[in-house]
Amino acid sequence: MMFRLFRSKIYLALAMILFVLLVGVFGYRYFAGFNWTDALYMTVITITTVGFSEVEPMGPLGKIFTMVLILISVIALGYAISIITEFLLSRSNYELLKRKKVQKKVDQLENHVIIVGYGRNGKQAAQKLLSYEKPFVVIEMEEDVISRYETEDFPFIQGNANEDEVLIQAGVERAACVICALPSDANNLFVVLSARQLNANLKIISRASEETTYQKLKLAGADNVIMPDRIGGEHMASLVVVPDLVEFLDNIAVTDGGNPNVQEIPYINVCPDRKDRSIIDIDLRRRTGCTIIGYKSPTGEYLINPEASLVIEEGSKLIVIGRPDQIAALEKEFRI
């Protein structure tokens, strides 16, 4: 709204300058008898007050017109300069205030996710985090990408994530996870090294394009390395071998109206009093309608379709599946 108002004022100022030029050219043409070139020359040196002498001696009518033109041009140019100066200062102040507002929002985040790069994979990660209502911040170097996708849903930090200062601005020391989604494996490697150095407890997930980079990223400190091209090829082949199964899993993975179909429950939410219970004691199916399909032990081992007699230990997690309304009931019941 503010810039729209300034734009209209700038158009008015430019129109006034153009009007003064036209008045001067036609005035010198008809009042002083100059040709078109001399008339334009006299108009420019008059309204800019450079002090050059006239191209030809003028009579009383020409001198009176010159005095009037000088008064009009001073008003028009003064107005135009004030508007343009105000616009530039206001735009600079607006950008500064916007950056401060974004930084203040980022400074309030804790245990958040940092997405490095807002390309195809970065956008997909952002949409998934939005559906799960996970707080996150995006680091993007291209200003046009930020201006195109910037909304109030999540903050952008402009800069090169290879630099420690940019990661610190994004709150890497307070973050829970970093997703490196840059198209270059070398850049992802640098980000992984920097992030791991700044936060030893950080979970780092990195994208990789080449098989040879996979092990390097793991050695650099990445907890998980994802190769989208390989996953895509395996997915397409699976559509040939087991098409119905893949389609069913795809329907589980997607969200319905922004609500997830799969959720995980940490031990502390299931056993808030820290007393171990079995799956049958929790009675999750009756309470929420969701079904437990997996169990992650405190040592990181996964068990698919655990037995009802399995005792949930501290540090473990339950993986459950359900319709969006059942997942919502689960989150309300266990305060996830």
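Reader: Is F65 buried or exposed?

Author: This is a predicted model in which local features need pLDDT of at least 70 and side-chain atom pairs count only at pLDDT 80 or more, while totals for chains, interfaces and linings use all residues. Residues are numbered from 1 along each chain as its sequence is written, and side-chain values use heavy atoms, with hydrogens and water left out. Buried stands for under 20% relative accessible area, exposed for over 50% and partly exposed for the range in between (1.4 Å probe, protein chains only). The relative accessibility of F65 is 11%, so this residue counts as buried.

Reader: How many aromatic pairs does the count give?

Author: Rings of Phe, Tyr and Trp (its six-membered ring) pair if their centres lie within 6.5 Å; planes under 30 degrees apart are stacked, over 60 edge-to-face, and the rest tilted. By this rule the number of aromatic pairs is 9.

Reader: What is the angle between the planes of Y28 and F65?

Author: The ring centres of Y28 and F65 are 5.1 Å apart. The pair is edge-to-face, with an angle between the planes of 90°.

Reader: Why does the pair of Y28 and F65 tie together separate parts of the sequence, and how many residues apart are they?

Author: Helices (H or I, at least four residues) and strands (E, at least two) are DSSP runs, numbered from the N terminus. Y28 belongs to helix α1 (residues 2-31) and F65 to helix α3 (residues 60-107), so the pair joins parts whose separation in sequence, in residues, is 37.

Reader: Which residues do ring pairs link into a cluster?

Author: Y28 has a relative accessible area of 0% and is therefore buried. The cluster linked by ring pairs consists of Y28, F31, F34 and F65.

Reader: How many salt bridges does the count give?

Author: Side chains of opposite charge can pair when their charged atoms come close. A salt bridge is a side-chain nitrogen of Lys or Arg within 4 Å of a carboxyl oxygen of Asp or Glu. By this rule the number of salt bridges is 8.

Reader: Which strand holds K317, the partner of E264?

Author: The closest N and O atoms of the salt bridge between E264 and K317 are 3.3 Å apart. E264 lies in strand β7 (residues 262-266), so the pair ties together parts 53 residues apart in sequence, with K317 (residues 317-321) in strand β12.

Reader: What is the N to O distance between E314 and R274?

Author: E314 is partly exposed, at 46% relative accessible area. The side chains of E314 and R274 meet in a salt bridge with an N to O distance of 2.5 Å.
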